[in-house]
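Hello,

Here is the structure I promised to pass on to you. Please have it open while you read, as my notes follow below.

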Amino acid sequence: MPSPHPTRSAEELLHVVESLHSMPFPRQEEKAADRWGGPGYHVMVLAQSRDFWEDRSSETVEEAEESIAADLAGLAALLTERWGAPAAVDLTPYLGFENPDPDFQAPEPMGFLCNLAGSMQVWRPPASERWVALTIGQADPEWPLQLLAAFGEGSALPG
C-alpha cells in the first residue's frame with residue numbers, strides 16, 4: 001500500500017490516472033501492491049491516511065478526512081478541466097439490498113467500491129469507452145482512509 005499521507009501532488013496523481021486510463025485491462029483478476037484489476041476494470045489507491053488503531057480521536061480522524069478530501073478535490077479539479085464535470089454515482093444500489101435476485105452480484109469494480117464508499121465522482125473521457133471514478137473509502141473505522149481511482153468499461157455503469 002502507499003505510504004501514509006501526504007503522498008503526491010494533484011499533478012502527479014493526474015499522471016497516474018492518465019497512465020492507468022490507457023492501460024489494458026487484465027484478462028483475469030490480478031493484484032500488484034496498491035493496484036488491482038480484472039476483466040474490464042482497474043482500481044488503485046492513490047493516497048491514504050494513517051490507520052486509526054491507536055488513535056481514533058475526532059481530531060485525528062477529522063485531520064485525516066480533510067487531508068484526503070483535499071487530495072480528492074485537487075485531482076477532481078484537474079480531471080474536470082480535462083474531461084468536463086463529473087457525474088455523481090450512488091454506490092448503494094450495488095450492495096444489492098433492494099435487488100429481488102438473491103444471486104445478485106454487482107459488476108466490478110462497483111462490487112468492491114460499494115463496500116468502502118457511498119458514492120463516487122465519474123468522468124467519461126471523450127473518445128473513450130471507459131469511465132474514470134474517484135472516491136474516498138474506508139474498509140473499517142480503524143483502517144486508513146483511501147483516495148481510490150477506479151476505471152471501467154462503459155457497460156459497468158448505468159446510463
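Let me begin with a question: where is Trp53 found? Trp53 lies in the loop that runs between β3 and α2. Please keep in mind throughout that this is a predicted model.

Is Trp53 buried or exposed? With a relative accessibility of 55%, Trp53 counts as exposed, because the threshold for that class is over 50%. Once neighbours within four places in sequence are set aside, Trp53 is in contact with Glu142 and Trp143. Pro141 is worth a look here too: its C-alpha atom is 8.6 Å from that of Trp53, although 88 residues separate the two along the chain.

Next, the aromatic rings. Searching the whole structure turns up one aromatic pair. Trp36 and Phe112 make up this edge-to-face pair, with 5.1 Å from centre to centre and 80 degrees between the planes. The two partners come from distant parts of the chain, 76 residues apart: Trp36 belongs to strand β2 (residues 35–38) and Phe112 to helix α3 (residues 110–113). Trp36 is buried, at 11% relative accessible area, whereas Phe112 is partly exposed, at 29%.

The charged end of Arg130 sits over the ring of Phe25, 3.7 Å from the ring centre. Over the ring of Phe52 sits the charged end of Arg56, at 5.6 Å from the centre.

Which residues is Leu134 in contact with, leaving aside neighbours within four places in sequence? The list is Leu46, Leu72, Leu75, Ala76, Leu79, Met120, Gln121, Trp123, Leu148 and Ala149.

I hope you enjoy looking through it.

Best wishes

How values were computed: Residues numbered from 1 in each chain as written. Predicted model: local features only at pLDDT ≥ 70, side-chain atom pairs only at ≥ 80, totals over all residues. Heavy atoms only, no water. Phe/Tyr/Trp six-rings, centres within 6.5 Å; stacked < 30°, edge-to-face > 60°. Helix = DSSP H or I, 4+ residues; strand = E, 2+ residues; numbered from the N terminus. Buried < 20%, exposed > 50% of the residue type's maximum accessible area, 1.4 Å probe, protein only. Lys NZ or Arg CZ within 6 Å of the ring centre and 35° of its normal. Contact = heavy atoms within 4.5 Å.
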